[in-house]
Amino acid sequence: MSSYVLLRHHTCYRYDRPVSLGPQTIRLKPMAVAQPYIQTYALHIAPPYTTQTWQHDVHGNTVAQVIFDERVTFFDITIELEADLTPRDPFAFDLHTDAAVWQQPEFGQQSKTMVQPFYVHAPANTPLHLYQDACHAGARCERFLAHWLPKAPTQTVAMLVALNKAVAAHVGYQLRMEPGVWSPEETLAKQSGSCRDSAWLLVALLRRMGFVARFVSGYLIQNTQSPNGEDVLTCDLHAWAETYLPGAGWVGFDTTSGLLTAQAHVALAASPTPEDAAPVSGLLDHCEATFDVSMQAERLFLRNCA
């Protein structure tokens with residue numbers, strides 16, 4: 001079966017009157033780590049814009065900025081990309097020897113957030129300090145960790161796998177269409193949340209344990225079964241967490257499935273906080289707006305000719 005997939009992603013904004021849009025930032029181009037698996041990519045914008053530029057943001061994401069000089073009544077974004085989803089081993093990385101075992105943090109009124117000692121082996125030009133702020137991990141996060149850590153594996157990778165599964169088991173998945181991300185404390189209190197809520201929770205837990213961690217948004221393309229039992233491809237905007245490990249680089253953990261990220265995950269943007277990884281952001285006049293998104297994924301069987 002072909003591993004090549006064509007994805008079409010269409011986002012529509014409709015406004016109840018002509019409005020002025022500020023510069024719109026679009027974070028819907030696959031990150032550098034995903035580029036080797038992207039065969040073609042196209043971004044289409046409507047209505048006609050005044051200026052479109054590509055640039056790298058402060059976190060290294062490739063983003064498009066679009067400027068409209070005229071008032072508009074709609075804003076459409078269409079992405080078309082062809083991706084190679086050949087299965088990949090998510091554990092195929094070389095971990096630095098000193099990172100094989102991690103150090104447990106301390107909790108209590110006098111304890112301070114630590115940083116895992118093996119980060120001294122990270123490249124000097126890697127801005128890891130941007131991804132260490134543990135201020136979002138409050139009392140509920142500490143209680144969750146205090147309960148879970150006594151049974152945590154001592155080997156780093158095994159512990160990360162187990163923690164990811166623990167979050168996936170503790171937080172029931174729910175589809176949330178409203179914007180925004182719940183705080184880690186709120187997600188723990190509700191014991192449920194969207195993919196972005198549980199991913200942000202894992203980021204907070206990892207940072208409280210002294211790990212460098214970031215929030216990632218992207219596409220999840222996977223096989224599902226239709227009501228009549230046929231295999232079909234589905235695609236959704238998704239979110240997950242990544243932690244940096246010396247030697248391995250950024251390693252992704254999907255808190256919805258409890259698995260590591262692999263070929264089905266196409267990373268679009270990564271940042272210290274969810275707000276800076278939003279697919280689209282920008283200023284808008286006060287108005288009544290409606291939002292709709294559609295995605296289609298199909299296999300490209302002609303790629304099997306090799």
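Student: In this predicted model, which handedness does the crossing have where α2 passes α4?

Tutor: The structure is a predicted model, so what follows describes a computed arrangement. Two packed helices are described by the angle between their axes and the distance between the axes. For α2 and α4 that angle is about 140°, and the axes lie 10 Å apart. The crossing in which α2 passes α4 is right-handed.

Student: Are α2 and α4 roughly parallel, roughly antiparallel, roughly perpendicular or oblique to each other?

Tutor: The angle at which α2 and α4 pack is about 140°. Angles over 145 degrees count as roughly antiparallel and those from 65 to 115 as roughly perpendicular, while angles under 35 are roughly parallel and the rest are oblique.

Student: How many nonpolar residues does the contact of α2 with α4 have?

Tutor: On the α2 side the residues are Leu 160, Leu 163, Asn 164 and Val 167, and they meet Ser 198, Leu 201, Leu 202, Leu 205 and Leu 206 in α4. Sorted by class, this contact has two polar residues and no charged ones, and the number of nonpolar residues is seven.

Student: How are α1 and α4 oriented to each other?

Tutor: The helices α1 and α4 pack with their axes 10 Å apart, at an angle of about 70°. Angles from 65 to 115 degrees count as roughly perpendicular. The orientation of α1 and α4 is therefore roughly perpendicular.

Student: How many charged residues does the contact of α1 with α4 have?

Tutor: In this contact Cys 141, Glu 142, Phe 144 and Leu 145 of α1 meet Leu 201, Leu 205 and Arg 208 of α4. By class, five of the residues are nonpolar and none is polar, and the number of charged residues is two.

Student: Which element supplies the largest share of the largest nonpolar core?

Tutor: This core has 45 residues, among which Met 159, Leu 163 and Phe 211 touch the most other members. Elements that each supply at least two of its residues include α1, α2 and β9. The largest share, nine residues, is supplied by α4.

Technical notes: Residues numbered from 1 in each chain as written. Predicted model: local features only at pLDDT ≥ 70, side-chain atom pairs only at ≥ 80, totals over all residues. Heavy atoms only, no water. Core = buried A, V, L, I, M, F, W, Y, C linked by side-chain atoms within 4.5 Å. Buried < 20%, exposed > 50% of the residue type's maximum accessible area, 1.4 Å probe, protein only. Helix = DSSP H or I, 4+ residues; strand = E, 2+ residues; numbered from the N terminus. Axes fitted to C-alpha atoms, helices over the stretch in contact; angles between N-to-C directions. Contact = heavy atoms within 4.5 Å. Nonpolar A, V, L, I, M, F, W, Y, C, P; charged D, E, K, R; others polar. Left-handed = near helix turned anticlockwise from the far one by under 90°.
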